[in-house]
Amino acid sequence: MIAAPGEIAAVGFPDRLTLQWQDAGAGSATVYDVLRGTLEGLPVGGAGAETCLADGVTGTSDAAGPDPATGTGFWYLVRGGNACGVGSYGTASDGSLRHSNTCP
């Protein structure tokens, strides 16, 4: 049975240039959105700079983009979507869903 994707697990960097994540297990037509923001812009969906690094990615990896400036950093979140709906970017430490209007 195919359903909307759940939270994406195991997001990480197998090398300096690639962001990789675990397949959502929600069917072969699942695509992914990659959201990136600055550490000083946390929390997700806050007033900080967020970028839709990629949308509609058909695989489970994408280019991570340029390195952050010295003394700064980025965070990355991935969500899946298919014909049944769009998944979430996961939950914050207080249990609330993370939201961002940056990726379509």
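Biologist: Over how many bridges do β3 and β6 pair in the antiparallel sense?

Modeller: This is a predicted model, in which local features need pLDDT of at least 70 and side-chain atom pairs count only at pLDDT 80 or more, while totals for chains, interfaces and linings use all residues. Residues are numbered from 1 along each chain as its sequence is written, and side-chain values use heavy atoms, with hydrogens and water left out. Strands here are DSSP runs of E with at least two residues, helices are runs of H or I with at least four, and both are numbered from the N terminus; two strands pair if DSSP finds at least two bridges between them. On that basis, the antiparallel pairing of β3 with β6 extends over eight bridges.

Biologist: In which order do the four strands of the open sheet stand?

Modeller: Strand β3, residues 31-38, pairs with β4 over five bridges in the antiparallel sense, and β6 pairs with β7, again antiparallel, over two bridges. The edge strands, each pairing on one side only, are β4 (50-57) and β7 (85-86). The pairing in this open sheet is antiparallel, and the order is β4-β3-β6-β7.

Biologist: Which residue of β6 is the bridge partner of Tyr32?

Modeller: Tyr32 has a bridge partner in β4, namely Val57. In β6, the bridge partner of Tyr32 is Gly80.

Biologist: Is strand β6 largely enclosed or exposed, and how many of its residues are buried?

Modeller: Buried means under 20% relative accessible area and exposed over 50%, with partly exposed in between, using a 1.4 Å probe and protein chains only. In the protein as a whole, buried residues make up 32% of the 104 residues. Strand β6 (residues 74-82) is largely enclosed by the rest of the structure, because the number of its nine residues that are buried is eight.

Biologist: What is the phi of Ala10?

Modeller: Ala10 lies in the segment before β1 and, at 59% relative accessibility, counts as exposed. Its phi is positive, in a residue other than glycine, and is near 55 degrees.

Biologist: What share of the contacts with a separation of 6 or more comes from residues 24 or more positions apart?

Modeller: The protein has zero helices and seven strands. A contact means heavy atoms within 4.5 Å. Among contacts with a separation of 6 or more, the share from residues 24 or more positions apart is 61%.
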